[in-house]
Amino acid sequence: MRTPLVAGNWKMNTTISGAVALAGEVAAGVEHMAAVDVAVYPPFVALQSVARALHGTRTSVGAQNMHFEESGAFTGEVSPNMLDGVVASVILGHSERRHIFGEPDELVARKVRSAFDHGLTPVFCVGEQLAERESGRTEEVVGRQVGFVVDQISPAEAARMIIAYEPVWAIGTGVNATPDQAEDACAFIRDLIDGSFGQEAAGRARVLYGGSVNTGNWDDITRRENVDGALVGGASLDAPDFVRLVEITRDALPAD
Ligand code: PGA
């Protein structure tokens, strides 16, 4: 059984003090829900303060992006070395990085390689745009995005990786993928991992769904077999809603 992960991507929201307060509320709310992993991804400037505030809790903190180089003339960028000791994971290839800031597949794959090289767990994001889905190209696009990363990693790394399927048309739009669409894409991604690295890696890698997840639509999506949790944007900025998403995830787990 894979432990589900509910991850909150705060994007360019909160202040340092607001982030610490939000993180504290989340951590207190989810402390007793041990069956679900929980992580928050505040803006860079708040990482250290949030990491300190979350120390000793079961909520972990991650970064929203990073450069692949350790140092150098890259104005405005943050390196894996700078994240060392502060975060355990890093979101890479988020659709806003790909589509607003023009990050190509090759760059995202280098970042994933670098994250593993520096002991960070990548939360590697993939997903198609609306026109791509409407023209029946979802698997082609997601397959290409995953393909670039598969070339860079080992089976053991694939098993540790977190992949977030986030259809671009569902992010921040209020239009979520249906449970079937989410399940089909997550299963497709797991098949890709299986094809490249075998069953053990495919059985261990966690595949999340992201895109307009909220407390009203999550129950039906989280119950699907290949969905191992959520990457949540908007709803992660409201502590009670985010805690509720963790609770829904826990309550949907099969009783053992
Ligand atoms: P959303 O964002 O939940 O606001 O749609 C998801 C994401 O971008 O990770």
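## Asp180

Asp180 is partly exposed because its relative accessibility is 44%; the class lies between buried (under 20% relative accessible area) and exposed (over 50%), using a 1.4 Å probe and protein chains only. Asp180 belongs to helix α9, which covers residues 179–197. Helices here are DSSP runs of H or I with at least four residues, strands are runs of E with at least two, and both are numbered from the N terminus. The C-alpha atom of Asp180 lies 8.2 Å from that of Arg224. Along the chain, Asp180 and Arg224 are 44 residues apart.

## Basis of the values

This is a predicted model, in which local features need pLDDT of at least 70 and side-chain atom pairs count only at pLDDT 80 or more, while totals for chains, interfaces and linings use all residues. Residues are numbered from 1 along each chain as its sequence is written, and side-chain values use heavy atoms, with hydrogens and water left out.

## Nonpolar cores

In soluble globular proteins, nonpolar side chains tend to be buried together. A nonpolar core here is a set of buried Ala, Val, Leu, Ile, Met, Phe, Trp, Tyr and Cys residues, joined through side-chain atoms within 4.5 Å. The largest one has 71 residues. Phe124, Tyr209 and Trp218 touch the most other members. Helix α9 supplies the largest share of this core, seven residues. A second, separate core holds 11 residues, among them Ala7, Val123, Cys125 and Ile162.

Contact means heavy atoms within 4.5 Å. Leaving out residues up to four places away in sequence, Tyr209 touches Trp218, Ile221 and Val227, among others. Its partners also include Tyr165, Pro167 and Asn176.

## Helix α7 against α9

Two packed helices are described by the angle between their axes and the distance between the axes. Axes are lines fitted to C-alpha atoms, for helices over the stretch in contact, and angles run from 0 to 180 degrees between N-to-C directions. Helix α7 (residues 138–150) packs on α9 at about 40 degrees, with the axes 10 Å apart. The pair is therefore oblique; angles under 35 degrees count as roughly parallel, over 145 as roughly antiparallel, 65 to 115 as roughly perpendicular and the rest as oblique.

The crossing is right-handed, the term for a near helix turned clockwise from the far one by less than a right angle, with anticlockwise being left-handed. From α7 come Glu139, Val142, Gly143, Val146 and Val150. They meet Phe188, Ile189, Leu192, Ser196 and Phe197 of α9. By class, this contact has seven nonpolar, two polar and one charged residue. Nonpolar covers Ala, Val, Leu, Ile, Met, Phe, Trp, Tyr, Cys and Pro; charged covers Asp, Glu, Lys and Arg; the others, Gly among them, are polar.

## Helix α1 against α2

Helix α1 (residues 16–30) and helix α2 (residues 47–54) pack at about 30 degrees, with their axes 9 Å apart. They are therefore roughly parallel. The crossing of α1 and α2 is right-handed. Ile16, Ala19, Val20, Ala23 and Ala27 of α1 meet Ser49, Val50, Ala53 and Leu54 of α2. The contact of α1 with α2 has eight nonpolar residues, one polar and no charged.

## Positive phi values

Thr14 is not a glycine, yet its phi is positive, near 75 degrees. Thr14 sits in the loop between β1 (5–9) and α1. Its relative accessible area is 36%, so Thr14 is partly exposed.

Ser212 also is not a glycine and has a positive phi, about 55 degrees. Its loop runs between β7 (206–210) and α11 (218–222). Ser212 is buried because its relative accessible area is 16%.
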